[in-house]
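Please look over the sequence and the model below.

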Amino acid sequence: MKELVRYLARALVSNPGAIEIKESEKDGTSVIEIKVAKEDLGRIIGKQGRTAKSIRTLLNAAASRENRRVMLEIVEEV
């Protein structure tokens with residue numbers, strides 16, 4: 001799942017070297033956190049969150065084929 005998110009993120013951002021992805025397990029659900037460069041945050045989220053929703057949809061479709069639950073969190077640097 002982590003590699004799917006990495007592939008999708010690299011296609012969207014202008015600085016693919018700044019992508020950081022962490023995967024952890026929480027209550028039987030895989031939690032994938034993605035952090036991108038500040039200028040690419042809008043590209044990952046998209047207008048009204050449409051791009052983020054699309055990434056989550058693709059991720060959930062891939063996870064359901066493996067009978068897994070996955071959650072995507074987009075981490076914003078403070």
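What follows goes from a helix to the core, and from there to the salt bridges.

This is a predicted model: local features need pLDDT of at least 70, side-chain atom pairs count only at pLDDT 80 or more, and totals for chains, interfaces and linings use all residues. Residues are numbered from 1 along each chain as its sequence is written, and side-chain values use heavy atoms, with hydrogens and water left out.

Start with helix α3, residues 50-65. Helices (H or I, at least four residues) and strands (E, at least two) are DSSP runs, numbered from the N terminus. Helix α3 has 16 residues and reaches 23 Å from its first C-alpha to its last. That is close to the 22 Å expected at 1.5 Å a residue, where the expected span is 1.5 Å times one less than the number of residues.

Which residues of α3 are buried? They are Ala 52, Ile 55, Leu 59 and Ala 63. They cover an arc of only 70° around the axis, so they sit on the same side of α3. The arc is that of the directions from the helix axis to the C-beta atoms. Buried means under 20% relative accessible area, exposed over 50%, and partly exposed in between (1.4 Å probe, protein chains only). The face of α3 turned away from the buried side carries exposed Arg 50, Lys 53 and Arg 65. What covers the buried residues includes α1 (2-12), β2 (29-35), α2 (41-45) and β3 (70-75). Just after α3, Asn 67 takes a positive phi of about 55°.

Now the core. In soluble globular proteins, nonpolar side chains tend to be buried together. A nonpolar core here is a set of buried Ala, Val, Leu, Ile, Met, Phe, Trp, Tyr and Cys residues joined through side-chain atoms within 4.5 Å. The largest one has 17 residues. Those with the most contacts inside it are Val 5, Ile 19, Ile 32, Ile 34, Val 36, Leu 59 and Leu 72. The elements that give two or more residues to this core are α1, β2, α2, α3 and β3.

Take Ile 19 as one example. Leaving out residues up to four places away in sequence, Ile 19 touches Arg 6, Ala 9, Arg 10, Val 13, Ile 34, Lys 35 and Val 36. Contact means heavy atoms within 4.5 Å.

Met 1 lies in the segment before α1. Is Met 1 buried or exposed? Met 1 counts as buried, because its relative accessibility is 18%. Beyond its neighbours within four places in sequence, the contacts of Met 1 include Ile 32, Leu 59, Ala 63 and Val 70. Glu 23, Glu 66 and Arg 68 are also among them.

Side chains of opposite charge can pair when their charged atoms come close. A salt bridge is a side-chain nitrogen of Lys or Arg within 4 Å of a carboxyl oxygen of Asp or Glu. The count comes to 4.

One of them joins Arg 6 and Glu 3, at 3.8 Å from N to O. Both residues lie in α1, 3 residues apart, about one turn of the helix. Arg 6 is partly exposed at 21%, while Glu 3 is exposed at 53%.

Arg 68 forms a salt bridge with Glu 23, the closest N and O atoms being 3.4 Å apart. This pair links distant parts of the chain: Arg 68 is in the loop between α3 and β3, and Glu 23 is in strand β1 (residues 20-26), 45 residues apart. Arg 68 also meets Glu 66 in a salt bridge, at 3.4 Å from N to O. Shared partners join Glu 23, Glu 66 and Arg 68 into one network.
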